[in-house]
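Open the model in your viewer and follow the stops below. Each one says what to select and what is there.

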Amino acid sequence: VSLFYLVGLFDLWAGIRTIFISSAGAYIIAKYVDGSFMPWTGFVFLMGHMSISHIYRQSANAPDKVDITGAQMVLVMKLTGFCWNVYDGRLKQEDLADFQKERALLQLPGLLDFAGFVLFFPSMFAGPSFDFVEYQRWITTTMFDLPQGVDPKHAPRTRKQRKIPRSGTPAAFKALTGLLWVFLFLRFSAWYNTEFVLSSAYMNYSLLRRIWILAMLGFATRMKYYGVWYLTEGACILSGLGYKGIDARTGRARWNRLENVDPWGIETAQNTRAYLESWNKNTNNWLRNYMYLRVTPKGERPGFRATLATFVTSAFWHGFYPGYYLSFLLAALLQTVAKNFRRYVRPFFLTPDGQRPTRYKMYYDAVSYLTTQMAFCFTTAPFVLLTLSASLLVWSRVYFYAVIGTAASMAFFASPAKSWLIRQQNARQKDVKWMQQQRQQQQASSPGPKLEHPIMGGGLPSDPGKVLDDAVREINEEVEVRKKRGLSVSMPRGADMKVAVEKKLGRKL
């Protein structure tokens, strides 16, 4: 089927050669190269080979022509992950993280299985990508085994003797939604396009209107990807590879294993993390698992170096248009700034213990949403415009507002203001800790029920004088009442006095 797509539909004879070189090279490297440099060797080879295709596509300057570059980009994700999985399979299991253990290949797969993995047609041209272990579990149908403790009566319905659950309904839903996104893209792209923001007519509008148009250009562009990724995900669901177990709450099959985009998560994102995690999820997983975490030394936390390496790799993976590098470099800086705001500013809009929002949190969320959306519509514009001159022209027409804002934020957090924010946070937390300690001390000193006259150690009242005064007052009141009624008043006997005192004290003498 993949060969039919390559040759029968798109006449990509050269594409067969490209795919063969990348897949054969990766398999040979994984088999014959040993040591810690093996996955990096595969990474350099695959990225270098793809660079040739990018350079050819960029020199041809024919965006309407279908070439093999898109399929090769998906293949690079699959094969670099394959090299890392083989490498992890050669390490001691106790040295691996849970993710590595789950995907490690203890032995090199056969050529037939590897070829099926490479040429899996539902995701060949536009993704989504996946690891070989997932493909292997799908082929052997172990992916569809019921987890322990699940009643077989609650198993998803299947057709006759098939183990793959019925997936026609979720696949059709994805396909219809994808077609709707494509239709909306065709409509919106006629109103908001690169030609308009580069024309002189764009400058006839106010600054706020120009920013709005820039945001709608980004939205129109995203709709194209929403449509394509929904269609390819629907194809993967129909094949069964999108299966992700049973939802413990509803008892129904989940089909989001290869979900590549969350439009609602993107369009309502209040911070860079939510925005990026909702976009091109499988590529983000690849970058995080096989670049971001791999360049970080063991035992250390990923920092700016890992973030920058990840964004540069993402830009290099996309190609060599200058716009890619402008977008990803600024996005890396934005992510660092966003982390600082979330770490040093956001806590002031939560209670000191960080558990509940304050009444001002809604304003912080509103500002965060507007800032995130405005920053990313500016940042992603070069990704659409591609060339350096066009990108800088459009940025200048909105006065480089995101660049200035990012630079100002970085300067702010590099100034003594950061230390002041930290001191203020520590002071709030100390107040909370002091209150908690006081509460604990009070509870420890009076663990029992509260008494009118608490008993101290040794069985004595905490205020003996007050107890005695109350006893004398009550006796005098009783004497006066008896006199008014004309009753005789006599002093109680010793035994009666003892009972009265014991009753008052609440204990035996």
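A residue counts as partly exposed when its relative accessible area lies between the buried limit, under 20%, and the exposed limit, over 50%. Keep that cut-off at hand for the opening stop. Note too that this is a predicted model.

**Stop: an aromatic pair**

Select Tyr 225. Its relative accessible area is 27%, so Tyr 225 is partly exposed. Where do the partners sit in the chain? Tyr 225 belongs to helix H10 (residues 207-239). Trp 279 lies in the loop between helix H12 (272-278) and helix H13 (281-292). The pair thus links distant parts of the chain, 54 residues apart.

**Stop: the aromatic cluster**

Zoom out to the whole structure, where a search finds 41 aromatic pairs. Then select Tyr 27, Phe 82, Phe 114, Phe 117, Phe 120, Phe 121, Phe 130, Phe 132, Tyr 135 and Trp 138. Ring pairs link these residues into a cluster.

**Stop: two helices**

Show helix H2 (residues 13-32) and helix H6 (residues 111-118). They pack at an angle of about 135°, with their axes 11 Å apart. H2 is therefore oblique to H6. Their crossing is right-handed. Which residues make the contact? From H2, pick Ile 19, Ser 23 and Tyr 27. From H6, pick Leu 111, Phe 114 and Val 118. By class, this contact has five nonpolar residues, one polar and no charged ones. Tyr 27 and Phe 114 are also members of the ring cluster.

Note on methods: Residues numbered from 1 in each chain as written. Predicted model: local features only at pLDDT ≥ 70, side-chain atom pairs only at ≥ 80, totals over all residues. Heavy atoms only, no water. Axes fitted to C-alpha atoms, helices over the stretch in contact; angles between N-to-C directions. Helix = DSSP H or I, 4+ residues; strand = E, 2+ residues; numbered from the N terminus. Parallel < 35°, antiparallel > 145°, perpendicular 65-115°, else oblique. Left-handed = near helix turned anticlockwise from the far one by under 90°. Contact = heavy atoms within 4.5 Å. Nonpolar A, V, L, I, M, F, W, Y, C, P; charged D, E, K, R; others polar. Phe/Tyr/Trp six-rings, centres within 6.5 Å; stacked < 30°, edge-to-face > 60°. Buried < 20%, exposed > 50% of the residue type's maximum accessible area, 1.4 Å probe, protein only.
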